[in-house]
Amino acid sequence: MMTTMAALLGGLPIALGYGAGGEARKPLGLAVVGGLFFSQLMTLYLTPVVYTYMAAIVDKWKARAPRKTLAPAMQAGD
């Protein structure tokens, strides 16, 4: 999260179009900043949701799987 924020804030002057010829670099800056922002939001919100659904699927799969019982190798008194 820190690296994304550092890159996002570093690209902010380009996105705002500061400096000589800034209007030519502004679309690139907007694409970079927008992409970083969107990817960070997707990472923070989508990853926990995917892991929650995966855990639910695994729990259902474990509940449906028949339990295998092993017969003892030797009976008492043999």
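Tutor: Start with the buried residues of α1: Thr-4, Leu-8, Gly-11 and Ala-15. Buried means under 20% relative accessible area, exposed means over 50%, and partly exposed lies in between (1.4 Å probe, protein chains only). This is a predicted model, where local features need pLDDT of at least 70, side-chain atom pairs count only at pLDDT 80 or more, and totals for chains, interfaces and linings use all residues. Residues are numbered from 1 along each chain as its sequence is written, and side-chain values use heavy atoms, with hydrogens and water left out.

Now the spacing. An α-helix has 3.6 residues a turn, so residues three or four places apart point the same way. The buried residues of α1 pack against α2. Gln-40 touches Thr-4 and Met-1, leaving aside residues up to four places away in sequence. Contact here means heavy atoms within 4.5 Å. Gln-40 is itself buried, because its relative accessible area is 13%.

Next, the length of α1. Helices are DSSP runs (H or I, at least four residues), numbered from the N terminus. Helix α1 covers residues 2-16, which is 15 residues. The expected span is 1.5 Å times one less than the number of residues. That gives 21 Å, and the end C-alpha atoms are 21 Å apart, so the two agree.

Now the bend. At Gly-10, α1 bends by about 30°, and Pro-13 follows within four residues. The bend is the angle between axes fitted to the seven residues ending there and the seven starting there. Just after α1, Gly-17 has a positive phi of about 80°.

Note on methods
Helices (H or I, at least four residues) and strands (E, at least two) are DSSP runs, numbered from the N terminus.
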